[in-house]
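Biologist: Please take me through the labels attached to this model. I would like to see each one set against its cut-off.

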Amino acid sequence: MTNEVFSVLDDDGNVLHPEHEPTIAPEDLLRIYRGMLLVRLMDERMLRLQRQGRLGFYMTSTGEEATHFGGAYPLRDSDWIFPSYREPGAAFWRGYGLREFICQLMGNAEDPIKGRQMPVHHSVRRINYVSISSPVGTQIPQAVGVAHAAKIRKRDDVALVYFGEGGTSTGAFHVALNFAGVFKLPVIFFCRNNGWAISTARERQTAARTFAAKAVAYGLPGVRVDGNEVLAIVSVMNQALARARGGAGATLIEAVTYRRGAHSSSDDPSVYRDPSEPKKWEHHDPIGRFQRYLERRGLMTAQLQKQLQEEIGGQITAALKSAEAVPGKPPIETMFADVFAHVPPHLLEQLEQLQQAPRSESTHH
Amino acid sequence: MPVMNMIQAVNDALKLEMRRDDRVVVLGEDIGKFGGVFRATSGLYEEFGADRVIDTPLAEAGIIGSAIGMALYGLRPVPEIQFADFIYPAYDQIVNELAKFRYRSGGQYAAPVVIRTPYGGGIRGGHYHSQSPEAYFVHTPGLKVVIPSNPYDAKGLLLSAIRDEDPILFMEPKRIYRAARGEVPEDDYTVPLGKAHLVRAGTQVTVLAYGAMLHVVGEATEKLVEQGLDPEVIDLRTLLPLDTETVIESVKKTGRAVVVHEAPRTCGFGAELSALIMEKAFLHLEAPVARVTGFDTPFPYTLENEYLPDAARIADAIRRTVEY
């Protein structure tokens with residue numbers, strides 16, 4: 001255990017530690033780059049939409065995109081991802097569609113979760129991307145349960161669970177790491193230490209020198225990795241996965257990064273933090289660093305970058321148009337479905353009452 | 001047919017289902033080699049091993065949180081919360097997570113977890129070993145709440161619960177864990193969820209109860225019957241979904257109702273029953289619905305017999321309601 005933050009690349013994309021550079025096929029390197037760019041461009045567009053009043057709410061990941069792909073890329077499809085609310089790239093990596101993503105944000109009639117949750121609370125079972133919950137940290141013991149079940153069933157699936165550094169202050173974090181340590185479970189705890197939990201600075205979450213250090217008390221290894229450097233994250237993920245699949249148990253990864261944007265579209269960081277702080281982190285931008293690495297390897301050119309940007313921009317536009325063309329909200333009976341496997345009599349009665357009740361004009365809009 | 005007490009019936013159901021379905025696992029504090037503080041999981045560790053009978057660290061949120069994950073993965077976990085009074089550290093995992101997985105994921109995920117927990121007073125357990133927190137959970141959309149009152153129902157309802165697709169809080173009246181005895185088939189059988197049980201047919205008044213209170217109601221009505229009264233007694237068995245039809249049909253017939261529970265009165269389940277009766281049988285009512293309940297105080301240690309509804313208090317309420 002050290003306090004050092006592990007990087008493979010420097011800010012200019014030079015390889016600092018060739019011995020730790022993960023072996024990744026060139027087409028996968030480009031897919032990872034493309035994915036990070038997609039998240040960046042999607043965030044820009046959706047935040048703009050929110051400002052125009054076309055979306056109720058949004059949360060960006062600007063500067064943290066490497067954590068999405070560094071976490072998701074090394075997994076197998078049968079591994080599970082328990083996201084918090086700032087890892088949409090991990091879902092895109094596994095095939096979540098742009099149109100479904102936007103329909104969820106809009107809560108429209110084709111929202112995969114039927115308008116049941118606020119924007120960014122995605123749920124994509126077909127890719128083992130578990131339903132997002134707003135209360136921080138609640139998903140951590142659930143991921144431990146998936147890992148426990150995999151172990152009981154003697155399958156070597158692994159659960160990856162994301163949370164912010166604020167999440168480490170919750171009781172759920174403690175019980176989860178404790179269970180994982182006691183039962184030696186195949187779970188990877190991925191802490192995105194982005195410095196801020198809404199307006200609360202990292203120093204208010206712990207007096208420990210690092211978040212990775214918390215692993216010690218649970219008998220787990222804790223590693224600190226450069227959260228703005230996707231190759232470094234892949235490298236520590238590979239080690240954690242080998243450990244998990246080999247039956248040796250869990251790992252706590254602290255990815256040191258920075259939340260360059262606001263917590264959400266409802267937040268205003270100028271009230272609580274020095275605007276020069278996010279500026280400083282622009283130099284460590286995960287996409288820029290990875291792009292320079294790809295350029296050095298001859299896999300990326302300015303022209304290809306521009307082409308990708310246009311292509312992704314076009315795809316977002318097409319998905320957005322298609323999502324905005326979906327007429328109306330989910331039908332009223334969907335409010336009463338899925339509370340239970342079968343709609344019980346008292347809910348059928350309440351649905352009938354609602355259908356027959358007079359409604360104010362404003363309720364329809 | 002063997003005679004069993006409640007504990008043996010619960011234990012029998014767990015054994016039967018664990019033999020039948022290898023997805024069923026039990027987890028909780030002291031439930032393994034020790035067999036649980038009330039012995040409900042006795043013998044399971046020896047038969048099914050440490051993988052399926054899991055002694056956990058002392059953390060209710062971890063027990064329920066990991067049970068949710070196990071269910072998402074395809075297991076059928078049956079966690080035990082040692083006393084219902086200790087369930088609150090897991091409250092968020094139960095009401096916001098477990099109960100909402102199906103709904104919030106648009107029907108993609110289900111978490112069929114059955115939480116077993118002993119509840120209720122009468123064992124000289126004071127505030128932290130006597131509470132009846134059922135109303136908190138009945139108020140939670142997405143959760144079913146089941147409370148058996150006898151060994152036969154305990155086994156049949158627990159088997160139904162474990163085979164159900166929804167998360168269930170299965171509350172066991174610990175006061176009658178050993179006192180309630182009865183014939184229980186060794187075979188596989190189920191008692192359906194959402195169906196009340198007519199314990200005694202009568203004409204003058206409907207008495208609604210569940211769990212340990214059924215036995216106190218029985219004591220009260222026995223005396224009243226000797227005195228010539230004719231009460232109808234219904235064991236609700238499932239609080240949610242409630243068998244509204246049986247309740248309302250009975251009240252329409254008798255025109256009077258008395259509701260009995262141990263939990264505090266304000267916003268207790270009796271309040272819901274009273275409102276339902278008022279909404280659905282108002283014109284049949286000959287008397288106001290009476291509630292015989294615990295009081296709106298913390299559960300007391302020394303004065304627990306004064307706190308709990310006893311046969312005299314219940315009999316008095318029934319008589320007053322009949323004579324109203």
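**Labels and their cut-offs**

Modeller: In chain B, the axes of helix α8 (residues 213-226) and helix α12 (residues 311-323) come within 8 Å and cross at roughly 55 degrees. This is a predicted model, in which local features need pLDDT of at least 70 and side-chain atom pairs count only at pLDDT 80 or more, while totals for chains, interfaces and linings use all residues. Residues are numbered from 1 along each chain as its sequence is written, and chains are lettered from A and ligands numbered from 1 in the order in which they are written.

Biologist: Which residues make the contact between α8(B) and α12(B)?

Modeller: Contact here requires C-beta atoms, placed from the backbone, within 7 Å. From α8(B) come Val216(B), Val217(B), Glu219(B), Ala220(B), Lys223(B) and Leu224(B), and from α12(B) come Ala311(B), Ile314(B), Ala315(B), Ile318(B) and Arg319(B). They divide into 8 nonpolar, no polar and 3 charged. Ala, Val, Leu, Ile, Met, Phe, Trp, Tyr, Cys and Pro count as nonpolar, Asp, Glu, Lys and Arg as charged, and the others, Gly among them, as polar.

Biologist: What makes Val5(A) partly exposed?

Modeller: Val5(A) has 19 other C-beta atoms within 10 Å. A residue is buried at 20 or more and exposed at 12 or fewer, with partly exposed in between, so Val5(A) is partly exposed. Val5(A) lies in the segment before α1 (26-51) of chain A. Leaving out residues up to four places away in sequence, Val5(A) touches Arg224(A), Val225(A), Asp226(A) and Val256(A). Two of these are themselves linked: Val256(A) in β7(A) is the bridge partner of Asp226(A).

Biologist: How do you know that β6(A) and strand β7 (residues 251-256) of chain A pair?

Modeller: Strands pair if DSSP finds at least two bridges between them, and these two share 5 bridges, in the parallel sense. Both belong to an open sheet of 5 strands in chain A, ordered β1-β2-β3-β7-β6, with parallel pairing.

Biologist: Why are β1 (80-82) and β6 (222-226) of chain A placed at the edges?

Modeller: Each has a single partner strand, so one side of each is left without a neighbour in the sheet. The twist averages 20 degrees from one strand to the next.

Conventions
Axes are lines fitted to C-alpha atoms, for helices over the stretch in contact, and angles run from 0 to 180 degrees between N-to-C directions. Helices (H or I, at least four residues) and strands (E, at least two) are DSSP runs, numbered from the N terminus. Two residues are in contact if their C-beta atoms, placed from the backbone, lie within 7 Å.
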